[in-house]
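Subject: Structure for your review

Dear colleague,

Please find below the structure that I am handing over to you. My notes on what was found in it follow directly after.

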Amino acid sequence: MMNPTAGAPQLSDRDLQELIGLIHETDTVELKLTVPDEDRRSTVVALGLDPLDAVLRQVYFFDTPDLALDGSGVVARARRTQNKPDDSVIKLRPVVPEDLPSDVRSSKTFNVEVDALPGGYVCSGSFKGELGAGDVKSAMAGSRPLHKLFSKDQRAFFAAHAPEAIELDDLSVLGPVHVLKLKFSPEGYGRKLAVEMWMYPDGSRILELSTRCKPNEAFQVAAESRAYLAERGVNLFGEQQTKTRTALEFFSREMADSEPARR
């Protein structure tokens, strides 16, 4: 994954060629844009967003205190969503789609996706799992082991890519992060736009706009989305932030800071 940059980030010709080749091997493409803090309020107004239409989520990540999973490209996550079942995911990034085992690639619960943002992209492979309402809450209360939040396929994928000797039940809970998510079809856009506000315990926030599309639509949808947002004055050139990395680093620091107190 290329590092997001401030200013007006652009992909190099070589990176663009690699992205074009990669997209054809994926299942979906998600186009993302994070909005700088100073532009958050104006963006909400420009898009006519009503926070009362949003759904509340709690997102939990699982990793070691020193983020050994993250260092290996593995993400373990579970979510609670208002009025919806819980869910979980084991994700690996980056991945090369053609290098994935055929049984993994053909699984109905496995998805290969390119996340594209101004100046960068990453291809990931994710095993998703559906849970019952209350399963995550039960695990966070300690009455359900963490591995029970993940299916057999998810656990096998984790074992294949996590650092040796790290088990799901050994991981620390990093979270929750509270998230407001809203999906709507803005007038003049013609597609569904997802808006997520990630609210971290220290008061910091990330506002992300995104839309998913088929691989063969990616460049057209990117151009249409860029034009739509620019017309409404949304800042397209701010420094990009990643929600997951921000969460992992925050909770890792929090655990490190509390270690002397525990001793």
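L180 stands opposite M197 in β8. Strand β7 (residues 172-184) and strand β8 (residues 193-199) run antiparallel and are joined by seven bridges; two strands pair if DSSP finds at least two bridges between them. Strands (E, at least two residues) and helices (H or I, at least four) are DSSP runs, numbered from the N terminus.

This is a predicted model, in which local features need pLDDT of at least 70 and side-chain atom pairs count only at pLDDT 80 or more, while totals for chains, interfaces and linings use all residues. Residues are numbered from 1 along each chain as its sequence is written, and side-chain values use heavy atoms, with hydrogens and water left out.

Nine strands form a closed barrel of mixed pairing, in the order β1-β5-β6-β4-β3-β2-β7-β8-β9. From one strand to the next, the twist averages 30° (axes are lines fitted to C-alpha atoms, for helices over the stretch in contact, and angles run from 0 to 180 degrees between N-to-C directions).

Helix α6 (residues 152-161) lies across β3 (74-81), β4 (84-92), β5 (110-117) and β6 (120-130), and runs at about 25° to β4. Contact here means heavy atoms within 4.5 Å. The buried residues of α6 are Q154, F157 and F158, where buried means under 20% relative accessible area, exposed over 50% and partly exposed in between (1.4 Å probe, protein chains only). Viewed down the axis of α6, these buried residues fall within an arc of 100°, so they line one face of the helix; the arc is that of the directions from the helix axis to the C-beta atoms. Their cover includes α3 (68-71), β3, β4, α4 (102-105), β5 and β6. On the face of α6 turned away from the buried side are the exposed residues K152, A159 and A160.

The largest nonpolar core has 38 residues, of which F62, L69, V114, L149, F158 and L171 touch the most other members. Such a core is a set of buried Ala, Val, Leu, Ile, Met, Phe, Trp, Tyr and Cys residues joined through side-chain atoms within 4.5 Å. Strand β5 supplies the largest share of this core, four residues. A second, separate core of 17 residues includes A54, L182, L193 and V234.

Finally, A256 is located in helix α8 (residues 243-262) and counts as partly exposed, at 48% relative accessibility.

Yours sincerely
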